[in-house]
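Biologist: Please bring up the model, and let us go through it together. Kindly begin with the terms.

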Amino acid sequence: MRSPSDALISFRQKEIDATLVPEPWGTQIEKAGLGKVVVDWQAIPPNNGDYPTVIMVASDSMIQRHRDIVKGAIKANMDGIAFIQNNPEQAYELINNQLKQYSGKGMDKGLIKASLSRLKLTTDVDVKVMEEMARVSIAARYIKGIKENELDLSKFVDLSMLEEVKNGK
């Protein structure tokens with residue numbers, strides 16, 4: 001399997017019997033009657049499901065030339081999370097409409113709701129969890145050319161803009 005999005009097809013074609021994937025793929029497999037969620041994401045050790053499913057990335061040059069735009073994207077993400085948390089029914093419809101616009105087809109709103117119920121939407125960033133995910137990715141050979149004991153994310157993680165946005169700057 002190449003990516004989590006391949007899981008549904010792999011289950012349909014009986015190429016795999018089990019997988020560890022983030023949402024919405026687990027819920028899709030379950031709703032399609034192809035499998036059952038046996039361990040909820042929140043129970044996956046060692047961080048009890050507290051793993052990033054989306055990480056915002058910008059190049060150094062983008063940050064240097066357009067810091068305001070990058071901070072605007074961070075603010076938009078924060079506003080989006082707050083909107084989903086405060087207006088879930090509206091959010092399901094908006095998410096479905098965006099999926100239709102980008103992919104040409106939507107997703108059942110029940111699936112969107114079930115998927116979001118299994119996610120922890122937050123702007124909090126835990127670098128130790130990111131490092132653990134990187135180690136897992138190295139062990140699974142998704143990241144090549146680096147050894148686990150050489151792992152250093154300090155050059156890649158800059159939370160200063162997130163903190164500035166959180167503090168209204």
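Modeller: Buried means under 20% relative accessible area, exposed over 50%, and partly exposed in between, with a 1.4 Å probe and protein chains only. This is a predicted model, in which local features need pLDDT of at least 70, side-chain atom pairs count only at pLDDT 80 or more, and totals for chains, interfaces and linings use all residues. Residues are numbered from 1 along each chain as its sequence is written, and side-chain values use heavy atoms, with hydrogens and water left out.

Biologist: How much of the protein chain counts as buried?

Modeller: Of its 169 residues, 25% count as buried.

Biologist: And how many helices and strands are there?

Modeller: The protein chain has 8 helices and 0 strands. Helices (H or I, at least four residues) and strands (E, at least two) are DSSP runs, numbered from the N terminus.

Biologist: What does helix α4 look like in length?

Modeller: Helix α4 covers residues 67–86, which is 20 residues, and reaches 28 Å from its first C-alpha to its last. That is close to the 28 Å expected at 1.5 Å a residue; the expected span is 1.5 Å times one less than the number of residues.

Biologist: Which residues of α4 are buried?

Modeller: They are Val70, Lys71, Ile74, Met78 and Ile81. These residues cover an arc of only 100 degrees around the axis, which puts them on the same side of α4. The arc is that of the directions from the helix axis to the C-beta atoms.

Biologist: Why would residues three or four places apart point the same way?

Modeller: Because an α-helix has 3.6 residues a turn.

Biologist: What do the buried residues of α4 pack against?

Modeller: They pack against α3 (60–65) and α8 (160–166), where contact means heavy atoms within 4.5 Å. On the other side of α4, Asp68 and Asn86 are exposed.

Biologist: Turning to methionine 62, where is it found?

Modeller: Methionine 62 is found in helix α3.

Biologist: What does methionine 62 touch?

Modeller: Not counting residues up to four places away in sequence, methionine 62 touches Arg67, Ile69 and Val70. Val70 is also one of the buried residues of α4.

Biologist: How far is methionine 62 from valine 127?

Modeller: Their C-alpha atoms are separated by 22 Å, and the two residues are 65 apart along the chain.
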